[in-house]
Amino acid sequence: GGGNLSNLSSCSAAPLQAEQRLPGPTPSQSRFQVDLVSEAAGASEEKSPISDSSVAEPEGPGTGAVAGGEEAKGRFRVVNFADPSGAGGAASPEAAPPDGLQNGDTVMSETSLHSSTGGQHHYHYDTHTNTYYLRTFGHNTIDAVPKIDFYRQTAAPLGEKLVRPTLSELHDELDKEPFEDGFANGDELTPAEEAAAKEAAEPKGVVKFGWIKGVLVRCMLNIWGVMLFIRMTWIVGQAGIAYACLIVCMATVVTTITGLSTSAIATNGFVRGGGAYYLISRSLGPEFGGSIGLIFAFANAVAVAMYVVGFAETVVELLNVTGAIMTDEINDVRIIGTITVILLLGISVAGMEWEAKAQIFLLVVLVTAIINYFIGSFISMKSKESMGFFGYDGRIMWENMGPDFRGETFFSVFSIFFPAATGILAGANISGDLADPQKAIPKGTLLAILITGIVYLGVAVSTGSCIVRDASGNVNDTFSAHSPANCTGAACELLYDFSTCKNDKDGCRYGLHNDFQVMSLVSGFSPIISAGIFSATLSSALASLVSAPKVFQALCKDNIYPGIGIFAKGYGKNNEPIRGYILTFGIALAFILIAELNTIAPIISNFFLASYALINFSVFHASLANSPGWRPSFKYYNMWVSLAGAVLCCGVMFVINWAAALLTNVIVMALYIYVSHKKPDVNWGSSTQALTYQQALTHTLHLSGVEDHIKNFRPQCLVMTGYPNSRPALLDLVHSFTKNVGLMICGHVRTPNFKDLAIDQTRYQRWLMKNETKAFYTPVFAEDLRQGSLYLLQAAGLGRLRPNTLVLGFKNDWRDGDMMNVETYINMIHDAFDFQYGTVILRLQEGLDVSHIQGQDDLLSSQEKSSGVKDVIVSIDTSKDSDGESSKLSSKATSLQSSPAVQKDDDDDGKATTRPLLKKDKKSPTVSLNVTDQRLLEASQQFQQKQGKGTVDVWWLFDDGGLTLLIPYLLTNKKRWKDCKIRVFIGGKINRIDHDRRANLLCSSVVAFEEMVEPYRLKEDNMELEAAERLKNSEPWRITDNELELYRAKTSRQIRLNELLKEHSSTANLIVISLPLARKGAVSSALYMAWLEVLSKDLPPILLVRGNHQSVLTFYS
């Protein structure tokens, strides 16, 4: 059995002991230890592990085993000591833990603090009791100490993601079982499954490279291309030593800056496979990443062809010398190129390990060739002099110092050299196969740039110092004693006269200008240079052949472009993208068959440069955004240097070949626009988001420093919508006049249930976005509606982006429910005026709230599922009616088209329903709604359609600062409303109204009004004063007789206005009228409500508007 472990805490209260002998089966099952965790503060625990013989059968959370300890009022935790071997190894500090504990998946006791696993604590998820057990600092607690595994992304290749206990698990009251949800993300595995997953994630024998083999070797091979042996001498001949060194330095500066930027991004976090694509997409977002990924993979595939053709051309030249040409030169290049690329494909498909071995071998050959050249340059031979090689000589060096362009310019020579410097991402492209990309990429890349740059400079200086520009190869072109007067130049001083071939129409055959193979002439043993050329071309081809599929595989996995997902599948232990290899092979083969690569080389350089420019730009962008998530451990970068690098890359693109540069830019932009239009469902925390945030913050602060001006007034509406989808008409109408003009906040007062708050917040915000509604959803928790609206009125918004207008729906059912609700509702309006808000109330005769027609949750889920359909509001499948409201089943799925009422309406008004609220589901049967719901739905979507040629009638009765006029003006600016005319009605002199008619009208209407308010009167004349006061205090909404009499004129004014509205505006699309005011404390809420009711009843949609009596209009420019 295990040794006795006791842990006494410093504040040792009476130790509680819980030692139970549990009946149990064989010892080969797991050993349980039952710990009693006391809730008494500071009570320490002393634990006595149970010996092997007492093994609990896991039946469920604390079954009979713990029944005895219930009196202690403690909570039991069953801690499972995994012991798969059954050996019962001791878990004491002296003994090493058994194998089962090596994974660090299971809980050990205090020993975990100093056990051989090295972990700070161990974590274990017990499937039976659905709880965590963590032991930290010797106490039973579910609070977790910091551990890197909590910070992994879910699909982390370096280890499994653990989930730390959520705040609510640690903080919620105990009677609410905090562990009911099990794990935070609900899909965690048991330890056994987890260990299996870990095995699968890191299979044995995966090849991971260090920085030398993985990055340095690859980059050096890729940078030293054919240029080193075939073109470098020609560049020195054209540009001279000084300019040649300048060209090398310029190219090196561009690549060094890019190398620094690459290092910064690569050390900012864990780098997966995908190289340049991964770096750019994770820092700049999917738009740039996606376009560059595609271009970069394609460029690498074509680069394979370029290098292979370079190789084939060298082979064909050698065959030419021996006269062993097969058909003609161009077809030979095709034949040899095809054979070569098939062999290379074989090597790379055989696996990264073989490919790495081939790379090392090729590097050895290359380095030998370079050393061979330098040795040869010190051995001057008489036989080589006629071909222009004289050994090191100051006169030759001085002569070759300046340029001698023949048919070229500085930039055209630069553009021929630059592709030789572009291999710097070869290491980063296989980032997924590196053991530690964060260390390897900076070290390897920068060292490779340094070494190759030095070698290029060395070759430039060395060839320029020992070879003349022109030589005939004719041994007889010599002088005897000293040079004649008419011969100038270093060759003459060395007693050679090459002027004959210079003046010849064909020119000389040898020298820096004319002989591309001059390095093999100089070298100690010329076949090694040929081998060097082969190795340089093949290694670059091989590196590109590996890079392209890896980058493409990463791009396919991210699922940014449709239809390329099949290339994401990897095979074998190294997850080799075989399908990608075959695709790359196909592209390379197609370009090899062209066999004329002078046309393709500049496009490749441009593609590479575009990705370099973006890597540099993304470092600048991330530094500019100043996001806390940007903290590379590589410190030697600077945002301005990176920006300069990006500009340089763009400049070099246009210098090399402006047409290709334009084409590249067009392709990048087209892909960028495509991806940003498609909006892939990824969130990588890119610096674009960070910068957007920072700019928004800066502008908001900046805005707060400026005084408001009437000309810049905008209605910023706090709309009490509840759930945004429950009052579509209110949302649509307000959105019509705030969209792109002012702020719109959908306020929602909820009774406390903190669990769903965060989820709902994001869910409904997403719903608003999907519906293209430019608004913010702001829920608050409060005891009642008024409390919540007070919170919103005071705290919604930020700085200048604060609401100044409260928008409510009219309370149509005010007479049905509890009158205290009316009191609350009217008080909300009073509060708005107290806070100097304008107030707007929308009334539709049918009502606004459609939430009872369909379940909120169904609605949202249907939204999220059918993201393609933006205008589905109700698209519910009746089969899964989760609401439990079977009585309302009939109202679940409907089709507006089937209702004759709508058809008729369309014909009359000529306004077709453009965006039906209800879409007919193929699966769900069409059930008809009852008539009122049908009408309500039609009404609720009327503001989604084009309004046709109607009118917006504005009854501007009282001057409120102009809000009553501004809203209709903003409304008719919008596309849906632009055909509507605005008619403005202003009150005339009151005594003009013809008295008889007024008398007639008022009699019938006043009677109706009095009948309406009858139930809400206090009737204090008929009771004791005290009783009346008591009733008024308990039911503050009651109307006193005194008040009714006092405001009789105002009452009749509302009734008369309603008549006039019916007479003049019964056909308007919308009526906007001044909202009558009621003095706080003097007019009871029932009377005010009754006024609003009679004023707005039986009319088209009506907006009651009252500004805050500050001017919002001005006629000064």
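Trainee: Which residue lies over the face of Trp684?
Mentor: Arg282 does, at 3.8 Å from the ring centre. Keep in mind that this is a predicted model.

Trainee: What lies over the face of Phe516?
Mentor: Arg231, at 4.4 Å from the ring centre.

Trainee: How many aromatic pairs are there?
Mentor: The count comes to 26. One of them joins Phe417 and Tyr456, with 5.1 Å centre to centre and 80 degrees between the planes.

Trainee: Why is the pair of Phe417 and Tyr456 called edge-to-face?
Mentor: The planes are 80 degrees apart, and an angle over 60 counts as edge-to-face, so the label follows.

Trainee: What makes Phe417 and Tyr456 a link between distant parts of the chain?
Mentor: Phe417 is in helix α12 and Tyr456 in helix α13, 39 residues apart.

Trainee: Is Phe417 buried or exposed?
Mentor: Its relative accessibility is 1%. Buried means under 20%, so Phe417 counts as buried. Tyr456, at 2%, also counts as buried.

Trainee: Why is the pair of Tyr764 and Tyr777 called tilted?
Mentor: The planes of Tyr764 and Tyr777 are at 50 degrees. Stacked needs under 30 and edge-to-face over 60, so the pair is tilted. The ring centres are 5.2 Å apart.

Trainee: Where in the chain are Tyr764 and Tyr777?
Mentor: Tyr764 is in helix α24 and Tyr777 in strand β10, 13 residues apart.

Trainee: Which residues do ring pairs link into a cluster?
Mentor: Tyr243, Phe410 and Phe411.

Note on methods: Residues are numbered from 1 along each chain as its sequence is written. This is a predicted model: local features need pLDDT of at least 70, side-chain atom pairs count only at pLDDT 80 or more; totals for chains, interfaces and linings use all residues. Side-chain values use heavy atoms; hydrogens and water are left out. Rings of Phe, Tyr and Trp (its six-membered ring) pair if their centres lie within 6.5 Å; planes under 30 degrees apart count as stacked, over 60 as edge-to-face and the rest as tilted. Helices (H or I, at least four residues) and strands (E, at least two) are DSSP runs, numbered from the N terminus. Buried means under 20% relative accessible area, exposed over 50%, partly exposed in between (1.4 Å probe, protein chains only). A charge sits over a ring if NZ of Lys or CZ of Arg is within 6 Å of the ring centre and within 35 degrees of the ring normal.
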